[in-house]
Amino acid sequence: MTAPASDQSAIEVAFVDDDPDLRDANAQALRLAGFAAIPLASAQAALDRIGPGYAGVVVTDVRMPGMDGIELFRRLRALDADIPVVVISGHADVAMAVEAMSEGAYDFIAKPYSSNRLAETLRRAVEKRALVLENRRLRSLAEAPGEEIALLGEAPAIIRLRQTIRDLADVDVDVLVLGETGTGKEVVANLLHQQGRRRSKPFVALNCGALPESVIESELFGYEAGAFTGAQKKRVGRIEHSSGGTLFLDELESMPPAAQVKLLRVLEGREISPLGSNERRRVDLRVVAATKLDLGDPAQRGDFREDLFYRLNVVTLRIPPLRERRRDVPLLFAQFLARAARKYGRDVPALDRSIERHLVENAWTGNVRELVHFAERVALGVADMPVAPVQGDIVVANLPERLSAIEANLIREALEANRGDVRATLETLGIPRKTFYDKLARHGIDRVSYVVEE
C-alpha cells in the first residue's frame, strides 16, 4: 500500500546543499508543504546520517565542494539501491543529471525551479519509498515464522494479545479463546503450544461442530476393541494422544451434552477411561478451547454446561474482529496478497483505488479469513469488487453508509491514539460523553479492547 499524501511527514527528506541560504529556504518550504525536511550542508554530512535501509528520500545539488551530488548519489545507491535520490542541477550540469537518471536516480530538477515542482516530485518519491519499506517489512515477516505473522498488527488489542500469549505459553493452565468466525482462534491455540515447553509434544485439534454426536465421544476418549459393534481394534482418543502436548477444541459450544459431562470429569481428574474399559489412565493435559459465543452469557450459552464453562474459563483470550483494528487491514492484506501471488505463481498486482477503498470501507464480517480469500482473488485477477463505481475523484455510493463508516473509523482511531482513555478520546473527538457511548453502541465498538495497560 502506498503512503497517502497526508502521511508524507512520516518519511524524512534529506536536503543536501552547500549554500546555507538555499538549503535553509528549501528546507523551510518543504516543511510548510508537510515534509519532515532535514537540511544537510555536505555530501559527507548526508552519508554520516544515511545508512542501509534509510527510511527517507534524498535531494541533492550537483555542484558542491569536495564530494559532488553525483558521487553522493552513487554512494547512496551502493548503500541501498532503492533510496530515491532527486538531483538538482544548473543548466551546465543537466548532462550529468541525465546520466545519474540513467544509473537509477529518481528524478532531476533543473534550476531555477518552484517549490511546488519540488514538492510534487517528493510526494511521488515519498510514496515510492514507503511502498519499498513496507514490502521489505512484509517479506521479512513472511520469512520469519512466529507470532509476528500469525497476529500481525499494531492495534492495542493485538499487541496485548501477543504479550498475553507469551506470558501463558509455559503455564499449565486451560485457556478459553473467544473470537468471531475467521479471527484466527486456532492460530492463537497453536502459538500457545509452539511458544511453550509442550511444543515437542502433539498439538491435537478437534472441531466439535464437525462431528456427529455418535462419533465425537469415541474421537475424544478412544475405545477398546469390542467396545461396540465395528470396534475391531483399540483406538487411542484425541485426549490421550495429546498428553504432554495441547488439546485444541474448536467450536466448543457445539459439543453434545453427554460428551460435555465426560470432558468435565477428565478435566477435574486428569484421567481418561476409554469406551469399553474400566482402566483409568493419567494424562498430562492442557486444553485450549475456542468458541464464537460468550458462554458466560446465559442467553448465548444455551444448553452448554455452566460448570464446564467455568472449569475451562481459567483464562479467556479475546481476539478482536477486524472492524476493531481497521488500521491493520492494509498491512494484513499486503502480506496475504504477496503470499497468494507466490502461491499461484503471479506477480503482485498494482492496487487500484477501488481495492484500496474496499479495504477501508468493507465490514469484514468474515474477518481475517475473508481478507485472505479477497487477497487470493485479487492475486488471480478475479476480484469482483462489491463497492460503488468511481467517476474520477467522485464516488457514487450510499452517503449515509459512507459517513457512518468514516465516523466509526474516526472513533476507533481516537480510541487507539488515546489507548482507550475515555476523557482523552472525548477531547480528541469533541463530543459529549453520552453521544460517545451512543456511537460506540451503534457501531459495535468495544472501548475496552483499546486499553493498553502500562
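Two strands count as paired if DSSP finds at least two bridges between them. Helices (H or I, at least four residues) and strands (E, at least two) are DSSP runs, numbered from the N terminus. The structure is a predicted model, in which local features need pLDDT of at least 70 and side-chain atom pairs count only at pLDDT 80 or more, while totals for chains, interfaces and linings use all residues. Residues are numbered from 1 along each chain as its sequence is written, and side-chain values use heavy atoms, with hydrogens and water left out.

**View A. Strand 6 and its partners, strand 11 and strand 12.** Strand 6 (residues 175-178) runs parallel to strand 11 (residues 287-291), and 4 bridges join the two. Val177 has Ala290 as its bridge partner in strand 11. Strand 6 is also joined by 4 bridges to strand 12 (residues 315-318), again in parallel. In that pair, Leu176 is bridged to Thr316 of strand 12.

View B. Strand 1 (residues 12-16) and strand 2 run parallel and are joined by 5 bridges; Phe15 stands opposite Pro39 in strand 2.

View C. Axes are lines fitted to C-alpha atoms, for helices over the stretch in contact, and angles run from 0 to 180 degrees between N-to-C directions. Contact means heavy atoms within 4.5 Å.

View D. Lys111 and Pro112 are joined by a cis peptide bond with omega of about -10°; Pro112 is in the loop between strand 5 and helix 5 (115-143). Trp364, which is not a glycine, has a positive phi of about 50° and is found in the loop between helix 15 (353-361) and helix 16 (367-380). Trp364 counts as buried because its relative accessibility is 2%. Arg419 also has a positive phi, near 55°, and lies in the loop between helix 17 (399-417) and helix 18. With 43% relative accessibility, Arg419 counts as partly exposed. Buried means under 20% relative accessible area, exposed over 50%, and partly exposed in between (1.4 Å probe, protein chains only).

**View E. The packing of helix 18 on helix 19.** Helix 18 (residues 422-429) and helix 19 (residues 433-443) pack at an angle of about 95°, their axes 10 Å apart. Helix 18 is therefore roughly perpendicular to helix 19 (65 to 115 degrees; under 35 is roughly parallel, over 145 roughly antiparallel, and the rest oblique). Val422, Thr425, Leu426 and Leu429 of helix 18 meet Arg433, Phe436 and Tyr437 of helix 19. These contact residues divide into 5 nonpolar, 1 polar and 1 charged (nonpolar: Ala, Val, Leu, Ile, Met, Phe, Trp, Tyr, Cys and Pro; charged: Asp, Glu, Lys and Arg; polar: the others, Gly among them).

**View F. The two sides of helix 19.** Phe436, Lys439, Leu440 and His443 are the buried residues of helix 19. They cover an arc of only 105° around the axis, so they are on the same side of helix 19; the arc is that of the directions from the helix axis to the C-beta atoms. Lys434, Ala441 and Arg442 are exposed on the other side. Gly444 follows helix 19 and has a positive phi, near 65°.
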